[in-house]
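Let's take a walk through a protein together, one piece at a time. Have a look at the picture first, then read on.

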Amino acid sequence: MTLWELLTQHALRPGERLPSERQLMEYLNTTRITLREALSQLEAEGRIYRESRRGWFLSPPRLRYDLLAGLPFHEMVESQRRHATTELLEASETAASTTVARRLGMAEGTPVYRIVRARSIDGRRVLYVEHHLRVDCFPDILAFDLAACSLTELYRREYAIRVSRVSFELGSTVLGHQAAAALYAAPGSPVQRITRINHDQNGRMVDCDDEYWRHDAIELTLSAAPQS
């Protein structure tokens, strides 16, 4: 019997904790090394996930992330009958790094706002996101409740700025220590990285986001008409 067959027999619900490694070793009559290889394989396939000091869990269904839909996080999650929450981890003014300055078309060291948030689906943290905003476009934005507010809605309502075009960079990477701690994951765990650069109605690059998603949490989709 394989590990996945055993877990299927247990009829675990999405998000439910797996039996302990000791129990799994007994059920499968195998060694710890072999078991951990099997667990790592299922994790790579997105069937299970691990949280630091808590153990292994059965992965919930993936969230469908339509890149062209442009939906705010809470709206996207709730449209799929899931529950979304956001926690603010950091909000400060800082100097633009070389990378952020290039993305926003400004000089390195120019002041920008840095907003860091952890976002959850059905109570599980799955997304660590770092936002960098132009200070000249969004003066005093740090005074708002950045956990409760959609930045996109805040831009429109308070600053008359509408996101009209988005540039994406997609890639796979691993979690650094800060992001790993926020997602209760081990540093070096694989994640899906989505970088967005938002342009306003006048074509200005107004902010950029680096999203780090647990790789089992989302399924990227893209619908576009082919050019004739």
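Where is the place of Asp122? Asp122 sits in the loop between β5 (111-121) and β6.

## Before we start

What you see is a predicted model, in which local features need pLDDT of at least 70, side-chain atom pairs count only at pLDDT 80 or more, and totals for chains, interfaces and linings use all residues. Residues are numbered from 1 along each chain as its sequence is written, and side-chain values use heavy atoms, with hydrogens and water left out.

## The big picture

The protein has 228 residues, and 43% of them count as buried. Here, buried means under 20% relative accessible area, exposed means over 50%, and partly exposed is in between (1.4 Å probe, protein chains only). The C-alpha atoms fill a box of roughly 65 × 45 × 30 Å along the principal axes.

The secondary structure comes to seven helices and ten strands. Both are DSSP runs numbered from the N terminus: helices are H or I with at least four residues, and strands are E with at least two. Contact means heavy atoms within 4.5 Å. Of the contacts with a separation of 6 or more, 56% are between residues 24 or more positions apart.

## A six-stranded sheet

Strands of a sheet pair through backbone hydrogen bonds, either parallel or antiparallel. In this protein, six strands make an open sheet in the order β4-β5-β6-β9-β8-β7, with antiparallel pairing. Two strands pair if DSSP finds at least two bridges between them. Why is one side of β4 and of β7 left without a neighbour in the sheet? Because β4 (84-95) and β7 (163-174) stand at the edges, each with a single partner strand.

Take β7 and its pairing with β8 (residues 190-200): the two run antiparallel and share eleven bridges. One detail to look for is Ser172, whose bridge partner in β8 is Gln192. Also in β8 is Arg193, whose side chain makes a polar contact with that of Thr195 (2.6 Å). A polar contact is a pair of N or O atoms within 3.5 Å; within protein, one must be able to donate a hydrogen and the other to accept it, and residues adjacent in sequence count only if both atoms are side-chain atoms. Arg193 and Glu211 are 18 residues apart in sequence, yet their C-alpha atoms are 5.6 Å apart in space.

## A hairpin and a buried arginine

Strand β1 (residues 48-51) and strand β2 (residues 55-58) run antiparallel and are joined by four bridges. They form a hairpin with three residues between them, and Arg53 in the turn has a positive phi of about 65 degrees. Glu51 stands opposite Gly55 in β2.

Glu51 also turns up among the contacts of Arg124, once neighbours within four places in sequence are left aside. Arg124 lies in strand β6 (residues 124-134) and is buried, at 7% relative accessible area. Its side chain makes a polar contact with the side chain of Asp216 (2.9 Å).

## The nonpolar core

In soluble globular proteins, nonpolar side chains tend to be buried together. A nonpolar core is a set of buried Ala, Val, Leu, Ile, Met, Phe, Trp, Tyr and Cys residues joined through side-chain atoms within 4.5 Å. The largest one here has 15 residues, of which Leu63, Tyr65, Phe73, Ile121 and Trp213 touch the most other members. The elements that give two or more residues to this core are β3 (63-66), α4 (73-78) and β6.

## Cysteines without partners

A disulfide is a pair of cysteine sulfur atoms within 2.5 Å, and by this rule the count comes to zero. Cys149 has its closest cysteine sulfur, in Cys137, 18 Å away, which is too far for a bond. Cys208 is in no disulfide either, with the sulfur of Cys137 the nearest at 12 Å. Cys149 is buried at 19% relative accessible area, and Cys208 is buried at 1%.

## Back to the loops

Most residues other than glycine have a negative phi, and most peptide bonds are trans. Asp122 has a positive phi, near 55 degrees, and is partly exposed at 46%. Asn29, in the loop between α2 (21-28) and α3 (32-44), has a positive phi near 50 degrees. With 72% relative accessibility, Asn29 counts as exposed.
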